[in-house]
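The sequence and the structure come first, and the description follows.

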Amino acid sequence: MGLDDYQKKADSVNLSEIGDTPFTIIAIEDSDWTEAGKTPQPGVKITTKETWTRAKDGEKVNKIHTTRTAIVSMLRRPELRADIANGKSLKVKCPKDKIKSKTGGQPYFGLVDA
């Protein structure tokens, strides 16, 4: 047994790993990304009804993590969090093509109803 056996094991896949596959959000938690020497990036971890197989180790998980700005911003809204916490679920997907901004800003990755 070595130190690696005591490391915290990842319990999620990155949103980019699942492509535009639909998933059902049943819980959301804050999960910022911290890299040594850099400012932490806001992030979220999404618990889903579906399970995912992590490419790096074949482990089955039911959580997705992301730091994509528009998605994090939406999933941190208090009213959405309250609805999810009270048992509501959302079936969504993240299209592989960026969404065009309605206000003329830069295209972005976002969630849409599935």
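The text below covers the overall build, the sheet, the aromatic residues and the salt bridges.

This is a predicted model, in which local features need pLDDT of at least 70 and side-chain atom pairs count only at pLDDT 80 or more, while totals for chains, interfaces and linings use all residues. Residues are numbered from 1 along each chain as its sequence is written, and side-chain values use heavy atoms, with hydrogens and water left out.

**Overall build**

The protein has two helices and six strands. Helices (H or I, at least four residues) and strands (E, at least two) are DSSP runs, numbered from the N terminus. Read from that end, the elements follow the order β-β-β-β-α-α-β-β. The C-alpha trace spans about 55 × 35 × 25 Å along its principal axes. Of the 114 residues, 26% count as buried. Buried means under 20% relative accessible area, exposed over 50%, and partly exposed in between (1.4 Å probe, protein chains only). Among contacts with a separation of 6 or more, 55% come from residues 24 or more positions apart; a contact means heavy atoms within 4.5 Å.

**The sheet**

The six strands form an open sheet with mixed pairing, in the order β1-β4-β3-β2-β5-β6. Two strands pair if DSSP finds at least two bridges between them. At the edges are β1 and β6 (112-113), each of which pairs on one side only.

Strands β1 and β4 run parallel and are joined by two bridges; V13 has I64 in β4 as its bridge partner. Strands β3 and β4 run antiparallel, with six bridges between them, and here T47 is partnered by K63 of β4. The hairpin of β3 and β4 has six residues between the strands, and G58 in this hairpin takes a positive phi near 75°.

Strands β2 and β5 are also described by their bridges: three join them, and they run antiparallel. The bridge partner of F23 in β5 is V92. Helix α2 (residues 78-85) packs on the sheet and touches β2, β3 and β5, and its direction makes about 115° with that of β2. For such angles, axes are lines fitted to C-alpha atoms, for helices over the stretch in contact, and the angles run from 0 to 180 degrees between N-to-C directions.

**Aromatic residues**

What does a search of the whole structure find in the way of aromatic pairs? It finds one. The ring centres of F23 and W52 are 6.5 Å apart and the planes stand at 85°, so this pair is edge-to-face. Rings of Phe, Tyr and Trp (its six-membered ring) pair if their centres lie within 6.5 Å; planes under 30 degrees apart count as stacked, over 60 as edge-to-face and the rest as tilted. F23 belongs to strand β2 (residues 23-30) and W52 to strand β3 (residues 44-53), so the pair ties together parts that are 29 residues apart in sequence. Both F23 and W52 are buried.

A further ring, that of F109, has R68 over its face, at 4.1 Å from the ring centre. A charge sits over a ring if NZ of Lys or CZ of Arg is within 6 Å of the ring centre and within 35 degrees of the ring normal.

**Salt bridges**

The structure holds nine salt bridges. A salt bridge is a side-chain nitrogen of Lys or Arg within 4 Å of a carboxyl oxygen of Asp or Glu.

| Residues | Closest N and O atoms |
|---|---|
| K45 and D11 | 2.8 Å |
| D11 and K63 | 3.5 Å |

K45 lies in strand β3 and D11 in the segment before β1 (13-14), so their bridge ties together parts that are 34 residues apart in sequence. K45 is buried, at 11% relative accessible area, whereas D11 is partly exposed at 29%. The bridge from D11 to K63, which lies in strand β4 (residues 60-66), ties together parts that are 52 residues apart in sequence. D11, K45 and K63 also belong, with E29, to a network of salt bridges.

The pair E50 and K91 links strand β3 to strand β5 (residues 90-93), across 41 residues. K91 is partly exposed, with a relative accessible area of 42%.
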